[in-house]
Amino acid sequence: MSSTVLPLRAPEPGAAPVAATDPLALAAGLAQAFAATAVERDRLGGHARHERELIRQSGLLTLSVPRAFGGQGGSWETVLQVVRTLAGADSALAHLFGFHHLQLAGIRLYGTHIQQRNLLSATVEQGLFWGNALNPLDKRTRAQAIPAGFVLDGVKSFASGSVGSDWLTVSAWDDAAGAALIAVLPTAQPGITVEADWDAFGQRQTDSGTVRFDQVYLPAALVLQAPGQAPTAQSTLRSQVAQLIMANLYLGIAIGAFEAARDYTLEQARPWFASNVAEPSADPYVQQRYGEFWLKLRPATVLADIAARLLDTAFEKSADLGAQERGDVAVAVAEAKVLAHRAAIDIGSEMFELTGARSTSARFGFDRFWRNARVHTLHDPVDYKLRDLGRHALEGRLPDPTPYS
């Protein structure tokens with residue numbers, strides 16, 4: 001076991017915030033660049049090193065970092081709109097961006113002020129890209145307490161953003177405490193190995209590798225939440241950040257599929273012979289179906305934005321957040337996620353009924369919208385969101401705080 005931990009550079013006192021730039025304009029520019037190569041990269045899979053560097057160079061990795069630590073202090077509503085914008089072009093890269101900010105949210109929710117200052121300031125100053133090895137259902141990584149901290153051994157799968165990351169958020173099971181800890185470690189820490197073995201048929205460039213821990217030293221200073229530490233209403237907001245990132249990811253996929261189908265219909269599709277119209281856009285049946293698509297997108301978008309504003313309000317309350325207010329966020333997030341889930345799956349599949357047989361050519365890559373949505377929407381069962389909403393509608397019961405609700 002090596003006791004080496006790669007150091008964070010000490011933050012400079014009074015570090016100036018990142019220069020203000022319109023993050024949505026930056027996101028639109030990135031989305032345009034990603035769209036140009038999305039079909040080919042989806043076909044190849046693997047690690048999108050160049051595109052990740054474009055995200056890093058854009059400055060958007062500091063968007064959610066509070067100004068006190070040198071970041072932009074962006075709202076969750078803005079962060080999530082960036083996720084949505086990127087997902088319309090490339091939902092794998094949007095996932096990487098969103099999950100980077102999820103790890104930063106964990107530091108803000110679990111970490112002490114010193115941990116927040118050190119880790120978030122370093123994220124800004126060093127341009128760190130965060131990955132995830134915090135899979136709450138995977139207990140295969142064990143933590144053994146030692147006087148100076150812990151030793152980690154085991155494996156984590158579905159570790160989004162781990163390949164190519166600078167730092168990781170990690171969870172590990174402590175048998176003695178009968179509970180998990182949450183911590184952070186540099187990806188290059190001795191004993192950590194990241195395997196680029198993600199092979200799903202969608203979301204092919206999310207860098208969701210397998211992370212292995214072999215006698216990895218975890219110092220106490222990098223433990224954000226100790227094993228068995230009682231959660232607060234504030235700390236349980238992490239699951240809501242995660243779920244709302246997913247909702248906006250799905251919504252972005254749905255919007256991307258809608259726009260791809262619309263552009264194809266207007267520019268390349270041919271009218272059905274029995275329609276007696278010159279252009280497919282004049283076919284009343286085509287018009288009706290696009291109207292149905294629109295009615296899937298509009299309420300999903302409205303509910304996603306409402307949930308984001310509630311999340312921002314909850315973060316502002318900090319330690320004063322109560323169980324009722326936390327539950328209100330969870331209900332709003334569940335509403336948004338269910339509708340976004342349905343919009344992505346339905347539009348990604350039904351678009352072909354409007355674009356026709358020629359649109360299934362591999363050169364268009366339109367199937368990626370459905371494949372990406374289908375893979376990612378399996379993250380956690382949507383039926384349990386509907387159950388929570390049903391309980392709330394019938395009994396006024398708030399969702400129980402879990403890593404998924």
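This is a predicted model: local features need pLDDT of at least 70, side-chain atom pairs count only at pLDDT 80 or more; totals for chains, interfaces and linings use all residues.
Trainee: What makes R289 and E350 a salt bridge?

Mentor: The closest N and O atoms of R289 and E350 are 3.7 Å apart. A salt bridge needs a side-chain nitrogen of Lys or Arg within 4 Å of a carboxyl oxygen of Asp or Glu, so the pair at 3.7 Å qualifies. R289 is in helix α7 and E350 in helix α8, so this pair links distant parts of the chain, 61 residues apart. Helices here are DSSP runs (H or I, at least four residues), strands are runs of E with at least two, and both are numbered from the N terminus.

Trainee: Why are R289 and E350 called partly exposed?

Mentor: Buried means under 20% relative accessible area and exposed means over 50%, with partly exposed in between (1.4 Å probe, protein chains only). R289 has 21% and E350 has 22%, so each counts as partly exposed.

Trainee: How many salt bridges are there by this rule?

Mentor: The count comes to 23. One of them joins the side chains of E195 and R212, at 2.6 Å from N to O. E195 sits in strand β6 (residues 192-195) and R212 in strand β7 (residues 209-219), so the bridge ties together parts 17 residues apart in sequence. With relative accessibilities of 27% for E195 and 39% for R212, both land in the partly exposed range.

Trainee: How do you know whether D388 is buried or exposed?

Mentor: D388 has 7% relative accessibility, so D388 counts as buried. Its salt-bridge partner is R387, with 3.0 Å from N to O. R387, at 36%, counts as partly exposed.

Trainee: Why is α9 called largely enclosed?

Mentor: 7 of the 10 residues of α9 are buried, so the rest of the structure largely encloses this helix. The buried ones are R368, F369, R371, N372, A373, V375 and H376. Their cover includes α1, α3, α4, α6 (237-267) and α8.

Trainee: What makes a cavity something other than a pocket?

Mentor: Both are found on a 1 Å grid over the protein atoms alone. A cavity is a set of points where a 1.4 Å probe fits but cannot get out, and a pocket is an open set with protein on both sides within 12 Å along at least five of seven lines. A residue lines either one if it has an atom within 4 Å of a point. Points are joined across faces, edges and corners, and the volume is the space filled by probe spheres set on them.

Trainee: What volume does the largest pocket have?

Mentor: About 1,100 Å³. The largest pocket has 44 lining residues, with L134, N135, P136, P403 and Y404 nearest its centre. The largest share of the lining, 5 residues, comes from α6.

Trainee: What makes V302, I306 and L310 a nonpolar patch?

Mentor: Patch members have over 30% relative accessible area and no salt bridge; nonpolar side chains (Val, Leu, Ile, Met, Phe, Trp, Tyr) are joined within 5 Å, like charges within 9 Å. I306, for example, has 34%, so it is partly exposed. The three together have about 200 Å² of accessible area, by the Shrake-Rupley method with a 1.4 Å probe, and for residues only the protein chains shown count as cover. I306 belongs to helix α7 (residues 284-317).

How values were computed:
Residues are numbered from 1 along each chain as its sequence is written. Side-chain values use heavy atoms; hydrogens and water are left out. Contact means heavy atoms within 4.5 Å.
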